[in-house]
Amino acid sequence: MRKCQIIKRILMVASIAALVYMIAIYLWASAYSVLSADDFSHGVTFGRFLENLHLRVISSVRFSIMTYFTWQGTFFAMFIQALLSPVNGLEFTQLRVVMILNLLLIIISGIVLIYELFSNLSKEFRFLIPFVSALLYFVLLGTTTYQEVFFWYSGSTSYGFPFSFFLLGLVFLFRYYRLKEKKYAKASKIIGFLACGGTLMIAGAGCYLTLLTVAYHSAKDKKVDKQGRNIFIWWLIGALINTIAPGNFLRKSSYGEGLQVLDAIKNSFRICKHNCKILIVSGCFFEVAVIFLVMGIIIGLAYKKSRADIRSNALLLVAAVLSPAAMWFACFPATLGYNAYDGLNNRCDFVLHSILIGTTLFAAAVVGIELSIILGEMARYVIPVLLIGAMVSFVILPGSALDNKFTELRKQLVNGEIQEYYSECVAFLDKLDSIPEGTDVKIALDDMPKPVENTINIYYYEDPGNPKNWMNKALAEYYGFNSFIIDAVN
């Protein structure tokens, strides 16, 4: 017994240390985020600079309404975009605070969700929460940097903050069903409604997972819980408000593109398959899924559940196996909106990967529990076979255990590569700020800060020599220039 306690403590300490290391790397890197693209275009549209909080909140609501009718339906994301806008406030100092807050919210809300799942499935195994969290974030953040979410302000407001609300909305949904206290249902309604006011990817996945949860508990309890049903309705209303926004259709028509629904359905499957392959080949996803399967078996053996629970176990298994389909419901609205064929943006990948990893690992654990029930004590002999299989897979499919994004970022930060780029961007914007207003500004391409790997580019090179380019217009308006262009001719 004493040996078990020692092993538990070692596992917890090692997992917490790994988790702290991974978070610290991303916190360090996110502190050197730079302003770019939509940060300026939205900032000048918002147009409120250093106002008091009361006026800024009112102005942010107005900005959200305006973009709802002219640009896109992400009412909550656009409210945050304006409210916390660094270019309308303390610029890089404020940007650093917001980006660190964004990262911490995502990490903490994810860990809280894991805690809630353990509270529903196996309270006695909550000591595994740091281990599970470390594995999950290792696969997610070690495979791709997601610089458009963690190192770009506009990406954090449209994807990062709403994603944190999405996770917290699920937390309160699960907590309501566990404790049946109305305050948790109310929290899930409000937070879920706001989450669905972010990118439609989150709205799609959120509504699907909420519906799946309500359906599971309805089948298990043989009745529809009124509060649970209302939670789903609130999430759905948020998603519908986002979907029917006039701005979505105006934006689409401005690009001269129609809605290609059937193509989007097929392309969503293609993109989901492509992202699964990326995680398996380069992200240790398969190996970690096997570890979760083993954990499920161990939990099941410890509980020694009887066949009398077969109905509820079967329902949980069905719900768990169906949960990864949330990835497609997240992918479809983005594929439809962008008319995407091969893939989506880096910020979209963050949502897809997060949902796929979280739901698949959960499903693997539940399958493991069910295996332990079916096989009984024989399941003990399956564990070493699975672990050996995972090790073989790791050799055949070399993932990111050693060559990962944490290692890349740490090297860049230790070498000062990211800090140097950040300093160049700050100096460049300070230079623009020193140019007199009303000037026709032409910047040589060689004078632009050169982007480095795993960071966001300060400038989007789309027709840089055109003063009517959307970003050139935004920079010109922000700094009071008559015009602004990048001379890309060598």
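The model is predicted, so local features need pLDDT of at least 70 and side-chain atom pairs count only at pLDDT 80 or more, while totals for chains, interfaces and linings use all residues. Residues are numbered from 1 along each chain as its sequence is written, and side-chain values use heavy atoms, with hydrogens and water left out.

Asn52 sits in the loop between helix H2 (38-46) and helix H3 (53-70); helices are DSSP runs of H or I with at least four residues, numbered from the N terminus.

Next, turn to the salt bridges, each defined as a side-chain nitrogen of Lys or Arg within 4 Å of a carboxyl oxygen of Asp or Glu. The count by this rule is seven. Select Arg175 and Glu116, which form a salt bridge with their closest N and O atoms 2.9 Å apart. Arg175 belongs to helix H8 (residues 153-179) and Glu116 to helix H5 (residues 91-121), so the pair ties together parts 59 residues apart in sequence. Arg175 is buried at 17% relative accessibility, and Glu116 is buried at 0%.

Move on to Arg347, which forms a salt bridge with Glu148, the closest N and O atoms being 2.9 Å apart. Here helix H17 (residues 346-375) holds Arg347 and helix H7 (residues 147-150) holds Glu148, so this pair ties together parts 199 residues apart in sequence.

Helix H10 (residues 200-221) is the next selection. Its 22 residues reach 31 Å from first C-alpha to last, close to the 32 Å expected at 1.5 Å a residue, where the expected span is 1.5 Å times one less than the number of residues. H10 is mostly covered, with 16 of its 22 residues buried. Lys222 follows H10 and has a positive phi, near 60 degrees.

Finally, select Glu417, in helix H20 (residues 417-434). Glu417 is partly exposed, at 32% relative accessibility.

Key: Helices (H or I, at least four residues) and strands (E, at least two) are DSSP runs, numbered from the N terminus. Buried means under 20% relative accessible area, exposed over 50%, partly exposed in between (1.4 Å probe, protein chains only).
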